[in-house]
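User: I have a structure open and would like to talk it through. Can you go over the main features with me?

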Amino acid sequence: MSSPQHAQKQTRPVLLLALLISGLALTAGVTSTRWINTVFPGFFVLANNVVASVSLPHWSISTQRQIYQQVIVAVDGSPVGNSQDIYAAVARLPEQTLHTYSTEKDGVTATVTLPAQLFTFQDYVLVFGAYLFTGLAITAIGFVVWFLKPHVSASVALLSLSTALGLFFLTAVDLYGPYEFFRVHIMSEAFIGAGFVPLALVFPTDRLRRARAFVFTAPYGVSVLLGVAYEVFLYQPGLYSTVHGLCETYAGLSTLPFVGRMLWEYRATASPLIRQRIRVISLGFLGAFVLPTILTVSSGLTGGETAVNYSVFTIFVFPLSLGYAIVKHDLFEIDALLKRGTYYLALTATLTLIYVLFVTILNVSLRSSDFAHSPVFPLLFTLIVVLLLNPLKERVQKIVARLFFRLRYDPKKVLETISGSLAATLRREEILRLLWNTLSETMGVQHGSIFLREPGILRYRAVYSTRDPERRHLGNEHAFLQRLQHRRHQVLRQLE
């Protein structure tokens, strides 16, 4: 089979998957608009009558979170057979009407009274709009990175993770009615945890050599078991909630191998390029998953008493940063941006912490918070910040640069290593490759060429090059060589 035919055979399933996901997103987006301007209970109910762990701050359920993952068995004393009966019983009466819901979980029954609410366009944007945007953004990132780098293990792992995450959020739009993709949603939730483990094995470098098939398959085996249990017990609310908690806990804990791998690589590697990749995705990972991890693990450990929909607002940042790190060759061009962003974030967090501590100390020492609300307090705090800002800025900048943006290597160790390697070979190709690898690992050089002067003529020939094979010679009239001859010492400049 020829190479183009093989590439086409690999591309077709991915294109088909992208087409199916686009159709799913369009269908879910259209059907979900029926919620706008309808009276609803102030919470969502799944197809199995289980109260979903989703809310907004102004929803009535935000004050009664204990009924998350409980089963609604009756509304205003009338038994309900399915979720549509619950919604219909509420929609018949005006908003703000008080309804009493009978719930059941683990054999324990309870009642709760909540006012009905109007589902507004703002609610739609904050819940369903956020789901649609995040799902489409995540899946698009996975597909784009795969099409740009189809033969890279990290892009394949990212495609797997982004597909599971994207389907999870896109089908969440349909999760509370009309339930056409309910089973797809729970299966995608089961596979989120499996997406992180392969990614941890192949990024930022692919170090997996032995037992590759087993290590890649095992996490998906766990997801298959959880997914099958999910499907079997979908309409058995008690068991459903248990499996749901296990899936959320698995998704939250599965991020730990990835975090551990990043920390180990950053400490162990000597390559500035790998360090830069880790910096990029570390900031993306922290920005995307700190909040979702806390919410999912808390929801799993508390039996679903934590709303998890707030995680949707940040998750797409991680696949975006990861996709950039996989596709982009010259990561060093954003070093200044990352350093500046991290620096200001750390400085803001430090000032906020100082402010909180200052208020706390005043409250404890003065036994009252009146002073903190007086006009004198902001003035006093401002004066203190002005006096301490410059020393604090310098200190924070040094800490940020030391922790995240240091490029260091041991010159003595590098010299010993390269000297031993040079003494062991006389082949020019091996020597050139050794020199280039040393430059790349210690100085962060990613692309370039090594030129030697050809005997008898004023021209340099590329004897080693990482790209641009057509530029094989440099004439003596080249501006860079002219500058080098005039200055007679090392010149660092990018060739145009």
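Analyst: What follows is a walk through the aromatic pairs, the core, the strands and a few single residues of this predicted model.

User: Start with the rings. How many aromatic pairs are there in the whole structure?

Analyst: The search turns up 26 aromatic pairs. One of them is Phe 44 with Phe 128, a tilted pair with 5.7 Å from centre to centre and 40 degrees between the planes.

User: Which parts of the chain does that pair tie together?

Analyst: Phe 44 sits in the loop between β1 (38-40) and β2 (71-75), while Phe 128 belongs to helix α3 (residues 121-148), so the pair connects parts that are 84 residues apart in sequence.

User: Are those two buried or exposed?

Analyst: Both Phe 44 and Phe 128 are buried.

User: And Tyr 230 with Tyr 240, what sort of pair is that?

Analyst: That pair is tilted, at 5.5 Å centre to centre and with 40 degrees between the planes. Tyr 230 is part of helix α6 (residues 212-232) and Tyr 240 is part of helix α7 (residues 237-253), so here the parts tied together are ten residues apart in sequence. Tyr 230 has 0% relative accessibility and therefore counts as buried. Tyr 240 is buried as well, its relative accessible area being 4%.

User: Back to Phe 128. What does it touch, leaving out residues up to four places away in sequence?

Analyst: Phe 128 touches Ser 32, Trp 35, Phe 44, Phe 119, Asp 123, Ala 172, Val 173 and Tyr 176. Phe 128 is also in a cluster linked by ring pairs, whose members include Trp 35, Phe 40, Phe 44, Trp 59 and Tyr 87. Phe 119, Tyr 124 and Tyr 176 belong to that cluster too.

User: Which residues touch the most other members of the largest nonpolar core?

Analyst: That core has 98 residues, and the ones touching the most other members are Phe 44, Phe 128, Tyr 131, Tyr 176 and Phe 318. Helix α4 (residues 153-172) contributes the most to the core, with twelve residues.

User: New topic, the strands. What is the order in the four-strand sheet?

Analyst: The order is β3-β2-β4-β5, in an open sheet with antiparallel pairing. β3 (78-79) and β5 (108-115) are the edge strands, each pairing on one side only.

User: How many bridges join β4 to β5?

Analyst: Eight bridges join β4 (residues 98-105) to β5, and the two strands run antiparallel. Thr 100 is opposite Thr 113 of β5, and Lys 105 has Val 108 as its bridge partner in β5. These two strands make a hairpin with two residues between them, and Asp 106 in the turn has a positive phi of about 55 degrees.

User: What about β7 and β8?

Analyst: Strands β7 (residues 449-453) and β8 (residues 459-465) run antiparallel and are joined by five bridges. Ile 450 faces Tyr 464 of β8. The two strands form a hairpin with five residues between them, and Gly 456 in its turn has a positive phi of about 85 degrees.

User: Fine. Where is Asn 37 found?

Analyst: Asn 37 is in the loop between α1 (3-32) and β1. Its phi is positive, near 65 degrees. With a relative accessible area of 57%, Asn 37 is exposed.

User: And Gln 69, buried or exposed?

Analyst: Gln 69 counts as buried, at 3% relative accessibility. This residue lies in the loop between β1 and β2 and has a positive phi of about 65 degrees.

User: Last one. I have Ala 218 marked. Which helix is it in?

Analyst: Ala 218 is in helix α6. From Ala 218 to Pro 198 it is 9.7 Å, C-alpha to C-alpha, with the two 20 residues apart in sequence.

Technical notes. Residues are numbered from 1 along each chain as its sequence is written. This is a predicted model: local features need pLDDT of at least 70, side-chain atom pairs count only at pLDDT 80 or more; totals for chains, interfaces and linings use all residues. Side-chain values use heavy atoms; hydrogens and water are left out. Rings of Phe, Tyr and Trp (its six-membered ring) pair if their centres lie within 6.5 Å; planes under 30 degrees apart count as stacked, over 60 as edge-to-face and the rest as tilted. Buried means under 20% relative accessible area, exposed over 50%, partly exposed in between (1.4 Å probe, protein chains only). A nonpolar core is a set of buried Ala, Val, Leu, Ile, Met, Phe, Trp, Tyr and Cys residues joined through side-chain atoms within 4.5 Å. Contact means heavy atoms within 4.5 Å. Two strands pair if DSSP finds at least two bridges between them.
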